[in-house]
Amino acid sequence: MKKITSFLIVFVTSVLSFSTFAQNGVVVSQTEINEESVSRIYLGQSQVLKGVNLPEDSSARKAFEESLVGKSGEQLKRHWAKLKFTGRGTPLNELKSDDEVISFLLNNPQGIGYVSDKSKVTDELNIITSF
């Protein structure tokens, strides 16, 4: 009985911590844009806004790519390599932190990015969607 209780405590804690993380990431921009356009920008299918990424090893990037773009990091890497090889696109710039993404967006009205911490977003930026 003690093992089952311990297992349940660990399981519930894991599920709750994942849910908390999953709700903290947000896509932001100075420009109003619908949620459907976000994946098109990050797949290189739309040049409406200039997208930026967090580092590849960022948990926020992994959550963003899987939940909003619908592809894993490896799938996106292959996708962008193909676009670059055929001359149809250039991979998105990578910024080191949420603070760099927010600074970029405040200085680039035609930019779009995502951050892991919603509380860092100022009133000057629009939250497009959460992930």
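Both Tyr42 and Phe64 are buried, where buried means under 20% relative accessible area, exposed over 50% and partly exposed in between (1.4 Å probe, protein chains only). This is a predicted model, so local features need pLDDT of at least 70 and side-chain atom pairs count only at pLDDT 80 or more, while totals for chains, interfaces and linings use all residues. Residues are numbered from 1 along each chain as its sequence is written, and side-chain values use heavy atoms, with hydrogens and water left out.

Let's look at the rings. Rings of Phe, Tyr and Trp (its six-membered ring) pair if their centres lie within 6.5 Å; planes under 30 degrees apart count as stacked, over 60 as edge-to-face and the rest as tilted. A search of the whole structure turns up 5 aromatic pairs, including these two:

| Pair | Centre distance | Plane angle | Type |
|---|---|---|---|
| Tyr42 and Phe64 | 4.8 Å | 70° | edge-to-face |
| Phe64 and Tyr114 | 4.1 Å | 15° | stacked |

Tyr42 sits in helix H2 (residues 35-42) and Phe64 in helix H3 (residues 59-69), so their pair ties together parts 22 residues apart in sequence. Tyr114 is in strand E4 (residues 111-115), so its pair with Phe64 joins parts 50 residues apart in sequence. Helices (H or I, at least four residues) and strands (E, at least two) are DSSP runs, numbered from the N terminus. Tyr114 has 0% relative accessibility, so it counts as buried. Ring pairs link Tyr42, Phe64, Tyr114 and Phe131 into a cluster.

Now for a loop: Pro109 lies between helix H5 (98-107) and E4. At 43% relative accessibility, Pro109 counts as partly exposed.
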